Amino acid sequence: MPRGSNDAMRALLAPIWLLFALALAACSSPESVERSVAAADSAAEEPRTEVAASGAGESTVGVAAHAGRAESTSGDPFVSRAEASGGTNHDADAVLAVRYGVHEEYERVVLDLGTGEEPAKRVPEWTLTSSANEGLLRVTLPSMSRTAVSDGPLGDGLLESFYVVRAPEGGMFVDVFVRKAFAYRVVELSDPARLVVDFEPAGSPLDTPLPAVGGKTVVVEPRAGARIGDPLTVCGYSRNFEATNNIILVDRKGKTVVRRTVLSNDWTSTWGYFESTLDLPPFTGKGVLRVGAESARDGTFEGVKVPVKSR
């Protein structure tokens, strides 16, 4: 082929190669990767992780089909109120997904809510309780009867993890663990139904450690280092075999002070809530509260160890 023809061909192909290079760079950008962790349908299954291309710029946990984007809420103020509520009906009965995003000045959690397996039209009734200086925000959804996702990590910044729990009074609640004191704002979005909670750091460390997590047990109260007395209330949630939770307080010499076994209200479909109030015999000094279950494999303890002190 004459040299002039080769030069003309290279000139024609150059824009095509440039477009191919730009597309390849876009696909490899961290902001174009969307991570989803789908919950197991039963306790025997492990969560599945899928990676897919996306231009959303948000990593997500428990992605549901047909999930709508959460529009900007930049005009809404952040608050530190201990309680909030909203919603208009009880039509939605399922948590389809819990999504997570990192924005420039805040972090976001989106609850995708459904009727059956399809997205609901409107957000059902909900209540929110915030322990901003203790690192916990809880959204209770009384009409929920099932969930497609039970828990997951959220990130390395302000938000740590979430748990979907069967509530003791009926319905479900979603706990979000937060590493520092925070303020929040809530927005309801319709068609499909999404409850959006944004978290903004409040600039101070927590007053208490986060709830203790170990094995398939989470102890919300008491927290590590707490001073305890008679009576002692222990609450949390678990996915231990047959919903069994052994609560054992031992003193600094390893002697058992009190022991009780209580049941959670779920363990197969999601985390089950438990709560027990114990009458303590005389106890002084330091001790360890152990909450969990015995391993079916070798009988060893699997769960949470919370250091405590007597009042």
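Which side chain meets that of Asp191 in a salt bridge?

**Before selecting anything**

This is a predicted model, in which local features need pLDDT of at least 70 and side-chain atom pairs count only at pLDDT 80 or more, while totals for chains, interfaces and linings use all residues. Residues are numbered from 1 along each chain as its sequence is written, and side-chain values use heavy atoms, with hydrogens and water left out.

**The whole chain**

Show the chain as a cartoon: it has one helix and 23 strands, where helices (H or I, at least four residues) and strands (E, at least two) are DSSP runs numbered from the N terminus. Of its 311 residues, 45% count as buried; buried means under 20% relative accessible area, exposed over 50%, and partly exposed in between, with a 1.4 Å probe and protein chains only. Among contacts (heavy atoms within 4.5 Å) between residues at least 6 apart in sequence, 62% join residues at least 24 apart.

**Stop 1: Asp191 and Lys121**

Select Asp191 and Lys121, whose side chains meet in a salt bridge at 3.3 Å, N to O; the term stands for a side-chain nitrogen of Lys or Arg within 4 Å of a carboxyl oxygen of Asp or Glu. The pair links distant parts of the chain, with Asp191 in the loop between strand 13 (182-189) and strand 14, and Lys121 in the loop between strand 6 (118-119) and strand 7 (126-131), 70 residues apart. Asp191 and Lys121 are both exposed. The structure holds nine salt bridges, and the next stop shows others among them.

**Stop 2: Arg108, Arg185 and Asp198**

Now select Arg108, Arg185 and Asp198, which are linked in a network of salt bridges. The side chains of Arg108 and Asp198 meet at 2.8 Å, N to O. Because Arg108 lies in strand 5 (residues 107-115) and Asp198 in strand 14 (residues 194-201), this pair ties together parts that are 90 residues apart in sequence. Arg108 is buried, with a relative accessible area of 1%, and Asp198 likewise counts as buried at 1%.

Turn next to Arg185, which forms a salt bridge with Asp198, the closest N and O atoms being 2.8 Å apart. Arg185 and Asp198 are both buried.

**Stop 3: aromatic rings**

Select Tyr163 and Trp271, whose ring centres are 5.2 Å apart and whose planes stand at 90°, so the pair is edge-to-face. Tyr163 lies in strand 11 (residues 159-166) and Trp271 in strand 21 (residues 271-278), so the pair ties together parts that are 108 residues apart in sequence. Both Tyr163 and Trp271 are buried. Extending the selection to Phe173, Phe177, Tyr237 and Tyr273 brings up, together with Tyr163 and Trp271, one aromatic cluster.

Then move to Phe241 and Trp267, an edge-to-face pair at 5.4 Å centre to centre, with 80° between the planes. Phe241 counts as exposed at 57% relative accessibility, whereas Trp267 is partly exposed at 24%.

**Stop 4: two loop residues**

Select Ser143, in the loop between strand 8 (136-141) and strand 9 (146-147), which counts as buried at 14% relative accessibility. The side chain of Ser143 reaches the backbone oxygen of Ala92 at 2.7 Å. Leaving aside neighbours within four places in sequence, Ser143 is in contact with His90, Ala92, Asp93 and Pro124.

Finish at Thr300, in the loop between strand 22 (286-294) and strand 23 (301-310), which is partly exposed with a relative accessible area of 40%. A polar contact of 2.7 Å joins the side chains of Thr300 and Asp298; such a contact is a pair of N or O atoms within 3.5 Å, where within protein one must be able to donate a hydrogen and the other to accept it, and residues adjacent in sequence count only if both atoms are side-chain atoms.

Terms used. Rings of Phe, Tyr and Trp (its six-membered ring) pair if their centres lie within 6.5 Å; planes under 30 degrees apart count as stacked, over 60 as edge-to-face and the rest as tilted.
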